[in-house]
Amino acid sequence: MADEKGLQGWAPVISGDMTIERVIDLAFDYRGNTTIVKSDGTEVVGYIFNRNKGVAEPFIQIFDEKGNGPFTLLISQIQAIRFTGKDMAAGNSYAAYMERKQRQKETGIAEPLNALEEEA
Amino acid sequence: MSVPASQMWTVASYVLRQRLTRKKQYPLVLMLEPLFKCNLACAGCGKIQYPAQVLKKNMLLEKALAAMDECGAPMISIAGGEPLLYPQIGELVEGLVERRKYIYLCTNALVLKEKLEQHIFKPSKYFSFSVHMDGIREDHDESVCRDGTYDIATEAIREAIKRGFRVTTNTTLFNTAQPLNVREFFDEMMDLGVEAMMLSPGYSYAKAPDQQHFLHKGETNKLFSEILLNPKKNWKFNQSPLFLQFLMGKQDYECTPWGMPLYNNFGWQRPCYLLQEGYAETYKELLETTPWEQYGKKSGNPKCADCMVHSGYEATAVNATFASFKGFKDTVAATIRGKP
Ligand code: SF4
């Protein structure tokens with residue numbers, strides 16, 4: 001299994017300890033888009049911002065890739081999740097920040113602050 | 001300890017009303033994040049690491065005002081992201097002033113001067129800019145990871161004060177803070193003419209880039225005791241004196257996570273401003289369905305062990321003022337003495 005710092009690109013196989021509930025917890029904590037595979041085989045790409053396991057019908061909520069939503073998906077109808085989007089909180093260690101700062105000082109070129117600037 | 005008298009009266013009568021009606025859980029300040037987008041990327045902030053489609057989202061104005069109406073707190077702190085980038089910030093503030101809510105607009109002030117020139121806001125006793133200032137020039141620029149921000153922010157503060165606005169500051173301190181520098185910073189802010197200052201130890205955001213510099217409890221007590229030892233008479237704090245005593249280790253409190261609830265584009269955040277364990281659709285649902293016993297120091301939850309943030313404990317301190325004669329006496333004594 002990829003460790004929690006390196007989930008990007010991971011496509012966990014649901015078996016043994018790696019239950020769908022465990023993958024959902026990791027995906028909920030992941031600061032990037034994921035691809036959610038539903039029981040009927042259809043897929044939806046989006047950011048999982050909520051999960052509630054303490055209700056009669058546990059669910060997750062997402063904003064899709066275009067920002068539409070929120071959409072609610074029942075956990076019972078999810079068969080797999082792939083960590084397909086960039087982890088926006090990764091590579092952001094303090095050391096990485098200091099290196100970036102040094103680079104900017106040397107080159108005089110500002111690097112993107114966030115996903116929006118990266119997109120632009 | 002300076003908070004305007006009308007505001008103190010509003011908050012005091014609100015808290016007393018809640019206590020008289022024996023309400024156990026009530027909000028004191030609504031923390032509203034109408035957007036996540038920011039024009040800075042501070043090393044200690046874990047609020048903005050989202051994919052682009054989430055950063056692009058702006059809360060509907062009606063939803064923001066409905067959240068205020070639902071929770072009914074007497075005060076609101078508009079944060080984010082950078083709230084001055086929220087397209088309807090003028091209308092939002094206007095709607096809140098109409099509701100007679102005391103508003104703190106938390107801003108890094110990078111675009112404040114520009115917004116003042118556009119006449120988006122009108123001065124009001126209900127409305128204050130709360131400018132994010134983390135220390136003297138060198139410390140602030142280091143903390144927000146961009147050179148020149150201290151100068152831009154102080155120029156904007158001067159301009160806002162000149163135009164008749166209430167201006168306060170909010171300061172987050174990490175274990176790199178030097179007490180003498182912080183005291184010098186207080187002098188600078190008072191000289192600038194800010195109304196009062198708000199302090200908090202750094203939040204240990206799980207997603208913040210800088211995980212090395214968050215304060216542990218003992219460090220927080222030591223740092224704040226050194227900073228606030230023999231405070232100068234002209235230093236004004238926009239906080240309960242009991243909360244400052246708590247930061248110094250002179251009071252022992254349990255947190256009140258529902259006291260400063262957070263509402264953003266995802267909903268009402270469980271359990272608090274700092275931890276992100278899920279969302280409720282309404283404030284009522286947040287209160288009724290969050291397993292509160294799993295949070296706070298007593299719970300033994302390791303995520304809460306070192307937490308002393310104002311969003312968890314300021315409401316406790318305010319409540320303590322009215323909960324016992326001792327709390328009231330301590331608050332009055334600290335206010336008269338002018339030191340926590
Ligand atoms: S102790 Fe801090 S982190 Fe824990 S619930 Fe209270 S405010 Fe949140």
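This is a predicted model: local features need pLDDT of at least 70, side-chain atom pairs count only at pLDDT 80 or more; totals for chains, interfaces and linings use all residues.
Me: Which residue of β2(A) does A:T34 stand opposite?
Reply: A:T34 stands opposite A:G46 in β2(A). Strands β1(A) and β2(A), the latter covering residues 43-52, are antiparallel and joined by 4 bridges.

Me: And what lies between β1(A) and β2(A)?
Reply: The two strands form a hairpin with 4 residues between them, and A:G41 in the turn has a positive phi of about 90°.

Me: What about β5(A)?
Reply: Strand β5 of chain A, residues 78-82, is also antiparallel to β1(A), with 4 bridges joining them. There A:T35 stands opposite A:R82.

Me: Why is β1(A) largely enclosed?
Reply: 4 of its 5 residues are buried, so the rest of the structure largely encloses β1(A).

Me: Changing topic, how many aromatic pairs are there over all chains?
Reply: The count is 28. One of them is B:F186 with B:F237, edge-to-face at 5.3 Å centre to centre and 80° between the planes. This pair links distant parts of the chain, 51 residues apart: B:F186 is in helix α8 and B:F237 is in the loop between α9 and α10 of chain B. Both B:F186 and B:F237 are buried.

Me: How is the pair B:F243 and B:F246 arranged?
Reply: That pair is tilted, 6.1 Å centre to centre with 35° between the planes. The two residues are 3 apart in helix α10 of chain B, so about one helical turn separates them.

Me: What confidence does the predictor give the complex?
Reply: The complex has an ipTM of 0.87 and a pTM of 0.92. For chain B, the mean pLDDT is 91.

Definitions and conventions: Residues are numbered from 1 along each chain as its sequence is written. Chains are lettered from A and ligands numbered from 1 in the order in which they are written. Side-chain values use heavy atoms; hydrogens and water are left out. Buried means under 20% relative accessible area, exposed over 50%, partly exposed in between (1.4 Å probe, protein chains only). Two strands pair if DSSP finds at least two bridges between them. pLDDT is the predictor's confidence in each residue, from 0 to 100. Rings of Phe, Tyr and Trp (its six-membered ring) pair if their centres lie within 6.5 Å; planes under 30 degrees apart count as stacked, over 60 as edge-to-face and the rest as tilted.
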